[in-house]
Amino acid sequence: MAITGAELGHGDIRVQDYLDDRLQTGADLDSLDSLLENVRTQQGLLRKQLVEAKEDYAKAAEEAQRHATGLREKANAFNKQQADIDRTLMIVTQSDSTEEAVSRFQNVMSDLHRLEVATSYVDLVKQVGDLSASCSANVERDIDEAIRDHGRLTSLAQSLLTLQETAEGAAPHLVDYVFQATPAARAAVFASLATSLESILKQAGWPKASATIHPDAKKSWAEQVGRLLVLQKPELLQSTSDNSQKTSKDEPHVLAPLEILARPLALRFQYHFSGDRMTNRLDKPEYFFNHVFDLIDEYAGFVQENLQNLLLKHYGTSDLGFTPAYVDATFAWINALMPMLKNKLQSILPQVVKQPSLFSNLIHEVMSFDSKLLEEWNYAPLSTSIPFRGLSHHVLSTMGYFPAWFAVERDFALARYDSIISDRSTGYLDFESVEATATKPTKAAIRVNDLLETITDRYRPLASFHQKMKFLIDIQIAIFDRFHGRLHEGLEAYLTRTSTVGRTVHGVGQGDGADLTGTKGLDRLCRVYGSAEYLEKAMRDWSEDVFFLDLWEELQYRSQNRDQIKGDLTMGEITAKTSAAATQGGVSDEVQGALFDETAASYRRLRTRSEQVILDTVTYDLRGALRPYSKVNNWTSLSSTGSGASQTAELDGFIRMLDEYLAFLSKAIGKTCLRRIVRQIGHSVQSYVWDSVLLRHTFATAGAAQLSSDVKGIWQVIDRHSGTRQGASSMNKLAEGLRLLSLPVKGEIPVDMSAGTGSDGYRMPNLGLWDAERRLFENNESAREVLEDLGLELLTESEAREVLKRRVEIGS
């Protein structure tokens, strides 16, 4: 039974909801005592929680009051202290206000800071001066202590440089003073050590090839060399550290002991290759390069024997051990000879740069020197993983002679190209330079390819990616484009002069186009086709060359990582000339695209088009030569005794033309292309004979035999020039049609339709004309069966019926 709100009066609505939920039926009144007990229990818990909450609140209020009191006390103490400070500051600074006192105090502190800095500055200058003086004094007394003084001075200079960068250049004069004192101290120590080492070398007989360090002098030799290496070690460590933080690596320093060894040789070099000496010739730079190779060969044994162990002892366990030029005596010796070559090049380059042939020859010899150094000595001074950039990089990039050299090489290449093109003899096909079964290019195409390979050899040793791409795009691909334009113009000129409209516009008479017809016309077309195929193949071969593969991979890497390309080339210009695949990133491990994709594609289009023009020209002429044959109409009146014994006279002109054309094409183009063309010629002849002869005339048994004999004659000509069964395989449908047309009347001898000298493997079933006619015209199912029995796979039922209708016996 539910209790209503009226019985509760105006009690809390929540109490009403609670009772309505608990007392819904009369039976619920029995649990009223437990319900009241539960309510009392809950009321007790709530009262207990209320008491605890009041206690917590009282404690929190007390703590807040205590904290506020503490803060007020601290604030009062701070204000009191601040007032004492202000009063003391005003007294000390003799100021009338706090603001004035603070300002005066800050000025005093600033002056004190400047004084501290100046004191430190003076102390540092004094320290540098003391170290310099000590170093100079110890040069005569204790050279080892002088070396240690120089080491401390060098360490101080390097640390000061680091602090200077952090302080944004706050003490430039101090840094300049220290960096002037350090080289001066080093020069004094080095001069003393050099004098001692030169004395030992003089006793050994240096620079004679037979020089040998006497056993008694080996200890002194090791001490002096070791001191020089210790003296140089700090600057080598610093340069090595700088190199590790840069992508472009500087060349290693010349080791001090080897610098002293190279001094007399440098004087000898200057004697022979300067002034008016016979050995000093601008047109013979190989003289001084070969002299340096002789020096390497002559003294490599000496340095290996007397320096290798000392280098490993002093540098092998430090960071310098990773630089071959510092721990390999031979590499260090080669590196010590490089300055004399650089000085020589610096002196002669301003003279030869104005003489293109001499300048080109000099750069060629520089590259040859680098290549020989790399091949014979495996020279890698910085690291085995960092290729040696060589003197060519020093001349072309560091000294900035690349634009001048590039202009010379481009002018030479274009002049050579123009001379090739202007030579009329180069326009003819070259039948001797390639295999007999290959497509014959023109002599011009072969010479242009040789020219481009020579250009590749010229810039292959370059280390700069930008410089390589300049040669590739502005010289090689530019020449490819020029030659392509010439071939394209030749093809367009032929098409224009051989078309009806072109002959009219250009006023070409009937007898004026003799050089455009027959094999002469084919010769012109084959020049275009052969040259295009030859250079397209050359580009495919180049794309697989390691040099061009590396260049392509680097181009893709730079494109995908958006690396900047130095110089005047942009990535868009490069991809437009090479391949769009350079900008397409991929996850495949296979190399996608190639440097010559765009150029090779243009040559491929030209080759395809010229092949089509050859085919169109040949088929047009051959169809014209077949017209007299299509007018022969005595197929029903031929004698059975003479049919097939000789070729139809009207076909002689066609046979002669076909033989002449195929004889020329078999020599001028490759076998694969020849068979493609022969297949299309066969299809064209088949179509013409089918429509204009087979389905236009009626045939007796003898006429069918004569037609079959004529077609076999055509096959024989094709087979003679393109291979066995090429003729029959290109006219399969016509062969089946003639086989059906030649079915004998009962009692006649069947016609043999085997192609050429071989058989096609099919044996004619014992089926006569009337049996075939009956079954062929009965219904389609019967027609398919008889065609299957005859081995005819290409003819449809309707085509077979049309062929059989051409037999005069059935037509009558």
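Entry 1: I started with the lining of the second largest pocket, which by class has 11 nonpolar, 5 polar and 6 charged residues. Here Ala, Val, Leu, Ile, Met, Phe, Trp, Tyr, Cys and Pro count as nonpolar, Asp, Glu, Lys and Arg as charged, and the others, Gly among them, as polar.

This is a predicted model, where local features need pLDDT of at least 70 and side-chain atom pairs pLDDT 80 or more, while totals for chains, interfaces and linings use all residues. Residues are numbered from 1 along each chain as its sequence is written, and side-chain values use heavy atoms, leaving out hydrogens and water.

I noted that 22 residues line this pocket, and Gly427, Arg486, Gly490, Arg524 and Arg527 lie nearest its centre. (On a 1 Å grid over the protein atoms alone, a pocket is an open set of points where a 1.4 Å probe fits, with protein on both sides within 12 Å along at least five of seven lines; lining residues have an atom within 4 Å of a point.) Helix H16 (465-498) and helix H18 (518-543) each give two or more residues to the lining. H16 gives the most, with 8 residues. (Helices are DSSP runs of H or I, at least four residues, numbered from the N terminus.)

**Entry 2: Lys218.** I found Lys218 in helix H7 (residues 218-244). Leaving aside neighbours within four places in sequence, Lys218 is in contact (heavy atoms within 4.5 Å) with Ile213 and Asn306. I also noted that Lys218 and Ile200 are 18 residues apart in sequence and 9.1 Å apart in space, C-alpha to C-alpha.
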